[in-house]
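Biologist: Could you take a close look at one part of this protein, the nonpolar core and the strands around it, and walk me through it?

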Amino acid sequence: MATTRKRTVKRPVTKKRSAKTTSARKPSVKKAATKKASARRPAAKKSSAKKSSAKKSTTRTTSSRATKPLAEYNRKRDFTRTKEPAGTVPKAKGSTLHFVVQKHAASRLHFDFRLELDGVMKSWAVPKGPSYDPKVRRLAMEVEDHPISYNTFEGTIPAGEYGGGTVMLWDRGTYEAEDGGGPASLRRGYEKGDLKFVMHGTRLKGAWVLVRMNRPTGKEWLLIKHRDDTADPDYDVTADETTSVVTDRTMEQIADGTRVWHSNR
Ligand code: MN
């Protein structure tokens, strides 16, 4: 695994890819203007207005996030009605970072892509899910941070509740910064909107990147597979893997509450 990481970092193809994605975004000088425009416009959601104004301050991230982590997550949910876990930040234990991908049949089917960072799961809703084809860019809409305890959630959220529908644990594992720089590097990458990482999952492996698009919302990212020996344009992973990575259940079985017996678990 470590060798894969080292190799991919140094590859010229990887460079080319990141140059390409950089050019796809507007130069960062324009960022301030765009942000201002978004702050002026009446925001649809309270939270996005709060966030975009907060983004103007360079010191915001740690301060505002540290005061109320998972506040948005908790505000959106009624825990007397949903079985999802309430949002709390556990004490840090160990340096291994986890990821989870949940297939979520809400009003629209999507894959929730969650990366652990600083005690929470940074989260993106990816309508089409990840692709192993390095030429494919998958839209990833950033959503509110989720608690780490969400990583074991599989089941149904009642209709009418936030995110109502069936949730499948589609993949899970650990991940790390592509450059080997640990959480500090991931934090920088997230802030910059250029998050490069290596996944060690059951279904998702190798180097990937999340690139923030320069859009007024600041929520639109692209999930792209880096070119490495795990890349495979012919492998349609979301079509191939349609059951829970933990319980082997289909979406229908999860919705029905079917328990599947595993002799190996
Ligand atoms: Mn979702």
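Modeller: What follows describes that core and the strand pairing beside it.

This is a predicted model, in which local features need pLDDT of at least 70 and side-chain atom pairs count only at pLDDT 80 or more, while totals for chains, interfaces and linings use all residues. Residues are numbered from 1 along each chain as its sequence is written.

The protein chain has 9 helices and 9 strands, taken as DSSP runs numbered from the N terminus (H or I, at least four residues, for helices; E, at least two, for strands). The largest nonpolar core holds 38 residues, of which F113, A140, F197, M199, W208, L210 and L223 touch the most other members; such a core is a set of buried Ala, Val, Leu, Ile, Met, Phe, Trp, Tyr and Cys residues joined through C-beta atoms within 7 Å, where buried requires 20 or more other C-beta atoms within 10 Å of a residue's own, with C-beta atoms placed from the backbone. Among the elements that give two or more residues to this core are β7 (194-201), β8 and β9, although the largest share, 6 residues, comes from β6.

Strand β9 (residues 220-225) runs antiparallel to β4 (residues 137-147), joined by 5 bridges, and pairing requires that DSSP finds at least two bridges between two strands. In that pair R138 stands opposite L223. Strand β8 (residues 205-212) also pairs with β9 in the antiparallel sense, over 5 bridges, and here W208 stands opposite K225.

W208 is also among the contacts of F197, which, neighbours within four places in sequence aside, include Y175 and L186; a contact means C-beta atoms, placed from the backbone, within 7 Å.

Technical notes. Buried ≥ 20, exposed ≤ 12 C-beta atoms within 10 Å, placed from the backbone. Contact = placed C-beta atoms within 7 Å.
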